[in-house]
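Dear colleague,

Please find below the structure that I am handing over to you. My notes on it follow directly after the sequence and coordinates.

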Amino acid sequence: MLQVENTLFTIVMIIYFVSMILYFIFIAAKKETFSKIAVYLHLGALVLHTAALVCRGIGAGRLPLTNQYEFATSFAWGLSLVSLIFIWKFKFPVLGAFAAPVIFLIIGYAAMQSKEVKELMPALRSNWLGFHVSTAIISYGAFGVSFVLGIIFLLRDRMKEESFWGQHTPAKEKLDMISYRAVALGLLFLTFTIITGAIWAERAWGSYWSWDPKETWSLVTWIIYAIYLHLRIRRGWEGKAAATFAVIGFVCVIFTYIGVNTFLPGLHSYK
Amino acid sequence: MKKVWKFLTSMKLAIALLIILAAACAGASFINQGQSYDFYAQMYSERAAALILALSLDDAFHSWWFIAINAFLCLNLLGCNLIRLPQLIRRTKAEKTPDPKTLISAGTREEGISDPKKVFESLHFTSPAEGSFEGKKTLSASKNRIGYWGAWVTHLGILLLIIGFSLGQMTHQEYTVYGVPGQTKMIEGTDLAVTIDDFRIGLREDDTVEQYTADITVQDLSVPDGARESTEISVNHPGKLFGMSFYQNSTGWAAKVGIKKSGNDLQNDVICAGEYVPVRDLPELVVFFNAFYPDYVLVPGVGPQTQSGQLNNPAYLYSLYYQGEILGMNVLMPDEKITVSDYEITFSEPQPYTLIQVKKDSFQSLAFLGGILTMIGLILSFYLLPEKILAVEEEDGTFTVYGHSPKGGALFKERLKKAVLAGKDGSQQ
């Protein structure tokens, strides 16, 4: 089953890559046919990616959410899912052109990690693992989409209304609202992640909050997006400022995910 | 005073506090917490070490300034919620039927609708209320008014979370008890005694640990023939006895230290690695059990190591002290003995011990309630967006629709436009 997963993972990487190229051609050639094929390939990759994760789960005999490889491929899956939902919901294929490279980078990072299936240490053998990590995947995916939307907003801000960007991206006001919805989804799921993590930590380690670097940086990320929401209300920080904030916020998400494990080892390192 | 209160409850202060809090947490995460001056001096510099200790950065999350930031945040949240409560109650009641004047001035306007009910249906507004405004017939409805409470509930949740966590930190009781099966240990500072009935390490075929499980009995010794309660605890499955939580925390190795004097048994003690035992009739002589290697191997340049968790080649690292001075330190194999004057010391019967964490935090439930309220608050804030619509009948028989959603923004306007199209299409059919 793990061999199947390995093969599927390679195929998924290739399809994401082809989809990314087609999204780029869509923007370069300004032909919608390419965007349609890219979206279908994106969907196909997501289906196969789901199958790969299922195979990994069956092969490992547990949820495939416990090490850097598994979380990275799941993170890419989450971003792929959320971006596809936003593309479909808001009829917005340009989003795919910006989400696809991020997905490809994350899945590329996954490919560099060890795929070895290790037995879980007792602390990780908990039903809370599924809730905690799956909510983190959705949260990170949503923040990834808000990051991509922020970049699109900033680019669109420099383009004329009648240009390709003006024609193929939603109005700035709507773009800003979509980004806000993505941040809202991310923040809600990050809250789920932190709370489920706290419940699990209490059962596993006897302390629901111990200022472990990952906990601390999840809190920092949460606070940053909370500041974003408050600034929108207090100072009317919409549009360009909000888009810039969404981009910076995602840098913090990436640090929480990769930076903390690399530079600040703690309970979440599992080395 | 009014100015101070206004500042304390302002969103400006909230944003400033959140920025400071994020910066403080991020900064503190880069400094190893709970270390000594020497550690920081070696890691950074003597000046930096002095600064770290002076600013309590070595224990940042319990420092006075960190507590002060959180205290101000609590004040801010409390004040904000107190001020907004009456407004929210008024708003929720008042907007049951939207005020035409407000909607006409602030709402999005769409004209020429023949069938306004289709617009209401399309936007999932049920049973719009009929009324009149300036002599014109109106239809109006609002929904998701509970969404106005989202931020309030979120703030309340965060407030309870911070208060619950802080009170828990201040009042919680935490102890550790460790030992091997058969041993009874007192929980320090209480009248409770813990007997370790059994301790099992579940191993998989590949020698990795699947689970640590301990059977324990706790007895209340404050009363004669005190009540006993027993339970099984394992990692991720704590037990609750006498109002305290018992966690299977970690494990290590224990061994029997046998001491003979002139060939006669003097004492036999079971001690855990890291513990020591003084010789009974010569207390100045102390045997320290440094470490245990179940599958001992001496790695050149590294020192004693264990190859596996199996008892294939057990070895004990010990040190001997006399009047506080070290006499020696070495690795002892099971068939070897240490001889000091008339005394013979041996190590035997290695077995795993369990370390149990005992904890009582009366405010944990408050913190979790805070967490749940925060989640509910965010759902209300983000997914139950208050919306209201008003349809006013014009002189030509068509309706003008006004819609407003404070948080819906452009997406609500787009939905309203689509619904209006449905209203227009519906009239044409």
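Which residues line the largest cavity? In this predicted model, the lining is made up of Ser207(A), Tyr208(A) and Trp209(A) together with Phe165(B), Gly168(B), Gln169(B), His172(B), Lys359(B) and Asp361(B). Helix α8 of chain B, which spans residues 150-171, supplies the largest share of that lining, with three residues. Sorted by class, the lining residues are three nonpolar, four polar and two charged. The space inside the largest cavity comes to about 70 Å³. A search of the whole structure returned one cavity of 30 Å³ or more.

I turn next to the interface. The size of an interface is often given as the accessible area lost when the parts come together. For chain B and chain A, the buried area is about 4,500 Å², and 70% of it falls on carbon and sulfur atoms. On the chain B side, the residues that lose the most area to chain A are Asn236(B), Phe382(B) and Leu411(B), which together account for 15% of what that side buries. The contact involves 49 residues from chain A and 51 residues from chain B.

Charged pairs also cross this interface: the rule finds four salt bridges between chain B and chain A. A salt bridge links the side chains of Glu173(A) and Lys413(B), with an N to O distance of 3.3 Å.

In one of them, strand β10 (residues 244-261) of chain B pairs with strand β11 (residues 264-272) of chain B in the antiparallel sense, over eight bridges. Within this pairing, Ala254(B) has Cys272(B) in β11(B) as its bridge partner.

Val277(B) finds its bridge partner in β13(B) at Val287(B). When you inspect these strands, please recall that in a regular strand the side chains alternate between the two faces of the sheet.

With kind regards

Note on methods: Residues numbered from 1 in each chain as written. Chains lettered and ligands numbered in written order. Predicted model: local features only at pLDDT ≥ 70, side-chain atom pairs only at ≥ 80, totals over all residues. Heavy atoms only, no water. Pairing = 2+ DSSP bridges. Helix = DSSP H or I, 4+ residues; strand = E, 2+ residues; numbered from the N terminus. 1 Å grid on protein atoms, 1.4 Å probe; cavity = no way out; pocket = protein on both sides within 12 Å on 5 of 7 lines; lining within 4 Å. Points joined across faces, edges and corners; volume = space filled by probe spheres on them. Nonpolar A, V, L, I, M, F, W, Y, C, P; charged D, E, K, R; others polar. Contact = heavy atoms within 4.5 Å. Buried area = accessible area lost by both parts, 1.4 Å probe.
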